[in-house]
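Subject: Structure for you to look over

Hello,

Here is the structure I promised to pass on. Please open it next to this message; my notes follow below.

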Amino acid sequence: MSSSWTSLALARSFGSVCSPLLSSTLTQMCSMLDSAAEQLMVQKDFQAAFDTCNRGLESLAIMEQEDNNRCGELKAGFCIVGIQALAELNQWHGVFFWVLQHYEHQEKIPAKIMQMCILLYSKVGEPAVMQEAARVWLQCLSNSRVAGFGTVAELYLLHILVPLGHTDEARELIAGEVGSGTFTEDQRQTALDIVEEKEHQNKENPHCNPNSEIAAQTVSAQGSVIHKLEAMLRLLYRRLLPGFGSFPLQRVFLAAILLYMLLVRLDPALPSAFMWISKLLQLLKQMWRAMFAPYYQIKTL
């Protein structure tokens, strides 16, 4: 995953911060962070990576008074790798609680980690988990000066407020201090257009549950892939039908299916793949009947 590569690169960069002038303990922490990222990316041992991050964070908690700046960088690195490891272990429910254990206060969490948590909980259809934490973080005056403040505000707006249907709060964010100090005029107008579109959808579907809408996004994405596949196979069928006697038609269809499986990386073991496979099978059956049913009917006469 790209985020895992980011974690590995981040760990490498933190490792380079450790100069020979630092204490041997800090140097050891840098090596431990590098090991955690390697366990995550190279060895694919996600539990070991998470355990290494925990040990590193426990050691850093004792050392923070010695060198707060460098310890803060290492702490963020361990948390980033740990978040990725928990996600790979499918233990995303406890990610933010685990992060909060090490930072104690929501507003003290680094911007990069807030961004990861918002995206993670949005992806799994639970954006409400981060709503209060993101609001508190954005209202903290000291955070408005950090580099990632604008990105956190944008993610809070697009991945939390809008999907949950909190359009009034979204308008306040855009027109308030956060929006005026973070977004350009064009960005604010674009954000307002998105909010208005969401309000329009809510009026058309007043009984729509925002949580079910979020969960349905994956289904709609799957449906779009299915429609594209149908269009591709129908086009192939129309092109080859006039000369199917001279074409190895079965091989062509087999090649098309294999190409689709390779490009989309469909895993038949996943429950989400059942719908795709059944739809594909139904489509192929319909095309088979349309092409060869007349010959079967002639034989039965």
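Start with helix 9, residues 167-175 of this predicted model. Its buried residues are Thr167, Glu169, Ala170, Leu173 and Ile174. They span an arc of only 160° around the axis, so they sit on the same side of helix 9. The arc is taken from the directions that run from the helix axis to the C-beta atoms. Buried means under 20% relative accessible area, exposed means over 50%, and partly exposed lies in between (1.4 Å probe, protein chains only). An α-helix has 3.6 residues a turn, so residues three or four places apart point the same way. Asp168, Glu172 and Ala175 are exposed, on the face of helix 9 turned away from its buried side.

What covers the buried residues of helix 9? The cover includes helix 7 (131-139), helix 8 (149-164), helix 10 (177-182) and helix 11 (185-204). Contact here means heavy atoms within 4.5 Å. Helices (H or I, at least four residues) and strands (E, at least two) are DSSP runs, numbered from the N terminus.

Two notes on conventions. Residues are numbered from 1 along each chain as its sequence is written, and side-chain values use heavy atoms, with hydrogens and water left out. Since the model is predicted, local features need pLDDT of at least 70 and side-chain atom pairs count only at pLDDT 80 or more, while totals for chains, interfaces and linings use all residues.

Helix 8 against helix 9

The axes of helix 8 and helix 9 come within 10 Å and cross at roughly 165°. Axes are lines fitted to C-alpha atoms, for helices over the stretch in contact, and angles run from 0 to 180 degrees between N-to-C directions. Helix 8 and helix 9 are therefore roughly antiparallel. The cut-offs: under 35 degrees is roughly parallel, over 145 roughly antiparallel, 65 to 115 roughly perpendicular, and the rest oblique. The crossing of helix 8 and helix 9 is left-handed. That is, the near helix is turned anticlockwise from the far one by less than a right angle; clockwise would be right-handed. From helix 8, Ala153, Tyr156, Leu157 and Leu161 meet Glu169, Ala170, Leu173 and Ile174 of helix 9.

Gln131 also belongs in this picture. Gln131 is in helix 7. Its relative accessibility is 13%, so Gln131 counts as buried. Leaving out residues up to four places away in sequence, Gln131 touches Tyr156, Ile160, Leu161, Leu164, His166 and Glu169.

Helix 5 against helix 6

Helix 5 and helix 6 pack at about 160°, with their axes 10 Å apart. They are therefore roughly antiparallel to each other. Helix 5 passes helix 6 in a left-handed crossing. Helix 5 brings Val95, Phe96, Val99 and Tyr103 to the contact; helix 6 brings Ile113, Met114, Cys117, Leu120 and Tyr121.

Look at Tyr121 in helix 6. Tyr121 is buried, with a relative accessible area of 1%. Tyr121 and Phe96 are 25 residues apart in sequence and 9.2 Å apart in space, C-alpha to C-alpha. Beyond residues up to four places away in sequence, the residues that Tyr121 touches include Trp92, His93, Gly94, Pro127 and Met130.

Two positive phi angles

Most residues other than glycine have a negative phi. Asn90 is not a glycine, yet has a positive phi of about 60°. Asn90 lies in the loop between helix 4 (68-88) and helix 5 (95-103), and counts as exposed at 55% relative accessibility. Glu104, also not a glycine, has a positive phi of about 65°. Glu104 lies in the loop between helix 5 and helix 6 (111-123), and is exposed with a relative accessible area of 60%.

Whole chain and confidence

The protein chain has 14 helices and 0 strands. Of its 301 residues, 39% are buried. Among contacts with a separation of 6 or more, 63% join residues 24 or more positions apart.

The mean pLDDT of the chain is 75, and 58% of its residues reach 70 or more. pLDDT is the predictor's confidence in each residue, from 0 to 100. Confidence is lowest in helix 1 (residues 2-17), at a mean of 47, and highest in helix 7, at 95. Over residues 218-222 the pLDDT is below 50, and this stretch has 3 contacts beyond near neighbours in sequence. Residues 295-301 are also below 50, with 2 such contacts. Where pLDDT is low, the predicted coordinates should not be read in detail.

Best wishes
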